[in-house]
Amino acid sequence: MQISQGNVRWLAAALGYPTLLHLAHLPWISVFVLTVSVLAAYLLATRLHGRTKLSASTVAALALAGLLLTQLSWRSGEAILTLIAMVGWLKLAELRSSRDGVLVWVTALWSLGMVPLWVSPGAALILVPPGLMLQLVALATLSAKKLFIGRITRTLILALPITAALFVFTPRITGDLGVLSFALGIPLIIETQAEKQRDPMRDGLAMGDLADRAQNDMRVLVATFFGGSGKFYNGPPPLGDLYWRGPVLWTYENGEWRGRDGWHTRTARMRGKITHKTLDRELRETGKIAVYDVTLFPHRGYWLYSMDFPAAVPPSSFITRDYQLQNLNPVRELLKYPMMSYVDYRAGQELDAETRALALQLPIADNPRTLAHGRALRTEHADPVAIAKAGIAWFSENY
């Protein structure tokens, strides 16, 4: 069967509906590139139908070039959806037979099936049925059937009992799809709309934050430990040694702890970093090594999590002078990296002047009772070590 103008328009509607829903969840650059691709493909398909043909290599080149221009991660769900949509629209521009039309229709149906992954269940219940109606009408035109909306509606109604039975008796996937994707080794990041609307984790810590974060169900990381012998732990270390080092905070002001000044700039973060070559000089005494893999969920910050002191540095990361493991770029997608860590160790040489000043500074305008107690300890003890031990003992007894 030869493709007609009517076939093209119904296929464009079937493919355009999920594409339009997808545009609302893309960065503006992606929206621009995909919109231009859609308009160009539709004009080619309707105005120049039968007088132009795009080769497979041209379709692939245009789709990949458009995806690169969107600046999306290749491993993100948005990138995959955008690529499939662009391929579908470019295929629409070179329709020649019903086989081409079926390929476009399958792409449209797949795109519609992805809608529930990026909208809420209530919105999917409202948005999917009209799109499914468009899909059936487009399929009817490809099959050279007369367009009877009533017949299509009856078909949908007859499908409802089977759909309900499948809904009731199909086993449920426990947990979220993001966990399922990396458990199955699928390089697809499925971020729910609720997660996208959450505020990124801040680099500071204010009063009450610990209580709030304890109630937060945001995923952080999954660690898989490996067995070993000799200097390596056989599986995970004892529970009391599972200390995960994340952000290190130094300054306290107006009820909030924060990290070093200017740590958002790469130059400031990498100043005084500990490289693999200088790692041995930094460590004075080490015990057993834990070997494990970390799957870190996106938190939009620079820090990675590792057990206490890293014995190795993953690619594209480094150890800061305050022993943080940091990534060169913000963690905006699911990240998996191998790790080795010292659990029992002694590290550090003489403090540099900046770190010493940070460690000894006091918030002049805050906590007057704490400052008064510190001065009292200084009058009682002349030795700085004795002052520190007395302060730790006081906190242990009173809190």
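This is a short walk through one protein chain, from its overall make-up to single residues. The model is predicted.

Start with the whole chain. The protein chain holds 16 helices and 14 strands. It has 399 residues, and buried residues make up 36% of them. Now think about which residues meet. Take the contacts with a separation of 6 or more. Of these, 74% come from residues 24 or more positions apart.

One pair of residues shows such a separation along the chain. Ser4 sits in the segment before helix H1, which covers residues 5-23. Ser98 is 94 residues away from Ser4 along the chain, yet their C-alpha atoms are separated by 9.7 Å. Ser4 has 34% relative accessibility, so it counts as partly exposed.

Helix H5 spans residues 98-113, and helix H7 spans residues 121-142. Their axes are 10 Å apart, and the angle is about 170°. Angles over 145 degrees count as roughly antiparallel, so H5 is roughly antiparallel to H7. Which residues make the contact? H5 brings Gly101, Val102, Trp105, Ala108, Leu109 and Leu112. H7 answers with Val128, Gly131, Leu132, Gln135, Ala138, Leu139 and Leu142. By class, 10 of the residues in the contact of H5 with H7 are nonpolar and three are polar. None is charged.

Helix H15 runs over residues 368-380, and helix H16 over residues 384-398. Here the axes are 10 Å apart, and the packing angle is about 135°. That angle makes H15 oblique to H16. The crossing of H15 past H16 is right-handed. On the H15 side, the contact uses His373, Leu377 and Arg378. On the H16 side, it uses Ile387, Ala390, Gly391 and Trp394. The contact of H15 with H16 includes four nonpolar residues, two polar ones and one charged one.

Now turn to the nonpolar cores. The largest nonpolar core has 25 residues. Leu296 and Tyr337 have the most contacts inside it. Three strands each supply at least two residues of this core: E7 (289-296), E8 (303-304) and E13 (335-342). Which strand gives the most? Strand E7 does, with five residues. Look closely at Leu296. Leaving out residues up to four places away in sequence, Leu296 touches Val220, Leu221, Trp303, Leu304, Tyr305, Val331, Glu333, Leu334, Leu335 and Tyr337. Another core, of 13 residues, lies apart from the largest one. Ala14, Trp89, Leu95 and Ala138 are among its residues.

Asn327 lies in strand E12, residues 325-327. Its relative accessible area is 11%, so Asn327 is buried. What does Asn327 touch, not counting residues up to four places away in sequence? The list is Arg269, Tyr302, Leu304, Pro315, Ser316, Ser317, Phe318 and Leu335.

Thr355 belongs to helix H14, residues 353-360. Thr355 counts as buried because its relative accessibility is 6%, and the cut-off for buried is under 20%. Again not counting residues up to four places away in sequence, Thr355 touches Trp250, Arg260 and Arg321.

Key. Residues numbered from 1 in each chain as written. Predicted model: local features only at pLDDT ≥ 70, side-chain atom pairs only at ≥ 80, totals over all residues. Heavy atoms only, no water. Axes fitted to C-alpha atoms, helices over the stretch in contact; angles between N-to-C directions. Helix = DSSP H or I, 4+ residues; strand = E, 2+ residues; numbered from the N terminus. Parallel < 35°, antiparallel > 145°, perpendicular 65-115°, else oblique. Left-handed = near helix turned anticlockwise from the far one by under 90°. Contact = heavy atoms within 4.5 Å. Nonpolar A, V, L, I, M, F, W, Y, C, P; charged D, E, K, R; others polar. Buried < 20%, exposed > 50% of the residue type's maximum accessible area, 1.4 Å probe, protein only. Core = buried A, V, L, I, M, F, W, Y, C linked by side-chain atoms within 4.5 Å.
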